[in-house]
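Subject: Structure handover

Hi there,

Here is the structure I promised you. Please have it open while you read, and my notes follow below.

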Amino acid sequence: MLSKESIWKIKGILPYIVVVFLNAFTDLGHKIIIQNTVFKIYDGQTQIILTAIVNALILIPFVLLFSPSGFLSDKYTKNRVMRYAAWAAVFITLGITFCYYIGAFELAFFLTFVLAVQSALYSPAKYGYIKELVGNKYLTLGNGIVQAVTTVAILAGIFVYSILFEGYLAQREYAGSSEILRHVAPIGWALVIGSIIELILAYRLPDTTVRSDIHFDLRKYVTGKYLKTNIKAITQESIIFHSIIGLALFWSVSQVVLASFPAYAKENLDITNTVLVQGMMALAGIGIVIGSIVAGKVSKNYIETGSIPLGALGITVSLFLLPMLSDLNMHGLNFFAFGFFAGLFIVPLNALIQFNAKEHELGLVIAGNNFIQNISMIAFLGLTVLFALFGMNSVGLFYLMLVVAFVGSLYVISYIPQSLVIFLIASLISRRIKIEVLG
């Protein structure tokens, strides 16, 4: 029997964690270059709209490829799917780097979508691999580690690529987006190198399952029959469906906040340096890392659902404070708190989805999770664009998200009120009494 500290002794865990890191780090790098270019050239509602469009381009493939991505993950061994996806990333990042050098901003903008297609096909295999690699006993801990590593990768990507971006633009003159891309073109090689290392490590991931004999019917995909079947698979289990809805609401609210805050910082806080803007939002990522670790520790060898309503309440309070603060340090602290409570919220929800999914439907359920989340995020970003076109500023969007979070928190508390009470009581009495959960 493995001890609770021995998850790191599982064969393939370290290459897998590094692959997860590099995948998120590289994907985010190109997004940061495009978003920072938009930030430098545009202001106000136009900036909010273009930032929302960039984010939507990243999400759309997860919706369109819901059925094929789940099929690939369940049909083939997940490490094989990850290897082919890593090969695709190498060629896509080479194309992106070429666009930087010739100053093709529109094409580079479009390649954000192409890179997202690769991620959409990759995602169910990447996240489904957790359960197969570490088993049910370490499922919450494994999710906590993956969530923390992914967030660290996002943080690193935000800081590294923003610092490189500002460094290459320092004391350079530019009149448009094409000139900016030419100035920062060498950064593209960092994307390529990251993809190559990820590819090498993907070949060190061990096989965990045998192939399935399922077949993909293109006609069923085109006519929407797969979609109906897949939606049924994720809605028939109540706990899976409610977990997916909870995650979808959180990430949708987060997308709107991340799309709106740069314009808010430029207009209300007089910040024009992309490192500062991205850095403040990155503090939310640091919070997610800490929150994910805490969620993993309080769960130990079971799934602690009591942290879900606590996380929802914390997210709501952070959103309430966001438009009221004027001090940069307080904004940083508030973003950190937002991320911390998000970690408490999302880690147990992901674990619940994976734990309750049937073995042969795990890839399908994870793809379904992606589908619902991304439909929700695209809808919220679409509303962001619509409201911005009608003149709503970033502060108005923040208050709108506060209402959504508040309603969501009330629902979570009413749905699992006993979990929060048990969690709080257990936290108090565990100082004097050792509590062990069986089953």
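Let me begin with Lys31: leaving aside residues up to four places away in sequence, it touches Val54, Asn55 and Ile58. Please keep in mind that this is a predicted model. You will find Lys31 in helix α1, which covers residues 13–41. Lys31 is buried, yet it has no salt bridge. The nearest side chain of opposite charge belongs to Asp27, and that is 10 Å away. A salt bridge would need a side-chain nitrogen of Lys or Arg within 4 Å of a carboxyl oxygen of Asp or Glu.

Next, the surface. A nonpolar patch of about 1000 Å² is made by Trp87, Phe91, Leu94, Phe98, Tyr101, Ile102, Trp189, Ile193, Ile197 and Tyr203. Two or more of these residues come from each of α4 (78–102) and α8 (188–202). Helix α4 gives the most, with six residues. Ile102 is one of the patch residues and sits in helix α4. Its relative accessible area is 40%, so Ile102 counts as partly exposed.

Finally, the chain as a whole. Its secondary structure consists of 17 helices and zero strands. Of the 439 residues, 56% are buried. Taking contacts between residues at least 6 apart in sequence, 86% join residues at least 24 apart. The accessible surface is about 19200 Å², and carbon and sulfur atoms account for 68% of that.

Note on methods. Residues numbered from 1 in each chain as written. Predicted model: local features only at pLDDT ≥ 70, side-chain atom pairs only at ≥ 80, totals over all residues. Heavy atoms only, no water. Helix = DSSP H or I, 4+ residues; strand = E, 2+ residues; numbered from the N terminus. Buried < 20%, exposed > 50% of the residue type's maximum accessible area, 1.4 Å probe, protein only. Contact = heavy atoms within 4.5 Å. Areas by Shrake-Rupley, 256 points an atom, 1.4 Å probe, with all protein chains shown as cover. Lys, Arg positive; Asp, Glu negative; His and termini not counted. Patch = residues over 30% accessible without salt bridge, like charges linked within 9 Å, V, L, I, M, F, W, Y side chains within 5 Å.
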